[in-house]
Amino acid sequence: MESMNQPTSIAYDQSRRKRKKKQPSPPPSQSSVQLWRSEKQQQIYSTNIIQSLRELRISAAAADQSPSLPPRGGGIAVRDAAYRSLAVTARGRTLWSRAILSKAVKVTLKFRKQNRPRYSNHPPTITGNNRLRKKRSTVLRLKAKGLPAVQRKVKLLSRLIPGCRKQPLPVVLEETTDYIVAMEMQIRALNAIVSAVGSGSSGRDRS
C-alpha cells in the first residue's frame, strides 16, 4: 500500500511546487513605491542628508581656515550632498543610485587630482584621438535625428535618469518609476527639515 501511495504523493508535491511557481510576485516598481512612501524611509534619508550637510559644513570651515584649499561649498555642493544621500538611502539596489555614487567617487578623485602640484604648464594639445571622438559624436547626433519620435523620447528619458543610457525600455521605465518616487520623498524630507529649522530659529528669536 505504501508503494502504491508513494507516486500519488510525489505527483501532489510536484503540482504544489508548480502552483507556487505560477503565483505572480509583486512587481519591483510597486514595492519600491511603497518603500519610498513609507515614513521609515523618509527618516533614514533625513538622517543621511543631515549627516552629509554636517560634513559639508566641516569641510567648508576647514577650507576657510586653509587658504591653499579651494572652497567646495554653495548650492551645488548642497545639491550633490542631497543626491548622494538619496543614493545611499537606496542602498545601491537601483541603477540610478549606483550611477550617482560612482559619479561622486569620480568627482572626489578628480578634485584630489586637481589639487596635486603640477610640474608642467604646457597646454593640452588636440590629438588625433580627440578629433576622432568629435567626429563620432557628430555622427551619433545625426543618427539620433533620424530616429522616430517615440525612440527619441525614450532615448531622452534614458539620459535624464542616471545610469540608464544604454538600458532597454523596460529597465528605463522601472528605474524612472523608482527615481521619481524617490525624488518625491526627497522633497518631503527636505521640506520637513526646512520647516523644523525655521521653527527652531523663530523660537530662539522670541526668547
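Helices (H or I, at least four residues) and strands (E, at least two) are DSSP runs, numbered from the N terminus. On that basis, the protein chain has eight helices and zero strands, in the order α-α-α-α-α-α-α-α along the sequence.

Please note that this is a predicted model, in which local features need pLDDT of at least 70 and side-chain atom pairs count only at pLDDT 80 or more, while totals for chains, interfaces and linings use all residues. Residues are numbered from 1 along each chain as its sequence is written, and side-chain values use heavy atoms, with hydrogens and water left out.

Of the 207 residues in the chain, 20% are buried, that is, under 20% relative accessible area with a 1.4 Å probe, protein chains only. Contact means heavy atoms within 4.5 Å. Among contacts with a separation of 6 or more, 68% link residues 24 or more positions apart.

I turn now to two residues. Ala82 belongs to helix α4, residues 74–90, and is buried, with a relative accessible area of 9%. Beyond residues up to four places away in sequence, Ala82 touches Tyr45, Ile49 and Gln186. The C-alpha atoms of Ala82 and Ile49 are separated by 6.0 Å, although the two residues are 33 apart along the chain.

Ser52 lies in helix α3, residues 39–65. Is Ser52 buried or exposed? Ser52 is buried, at a relative accessible area of 18%. Setting aside neighbours within four places in sequence, Ser52 is in contact with Ala81 and Ser85. The side chains of Ser52 and Ser85 are joined by a polar contact of 2.9 Å, a pair of N or O atoms within 3.5 Å, one able to donate a hydrogen and the other to accept it.

Terms used: Buried means under 20% relative accessible area, exposed over 50%, partly exposed in between (1.4 Å probe, protein chains only).
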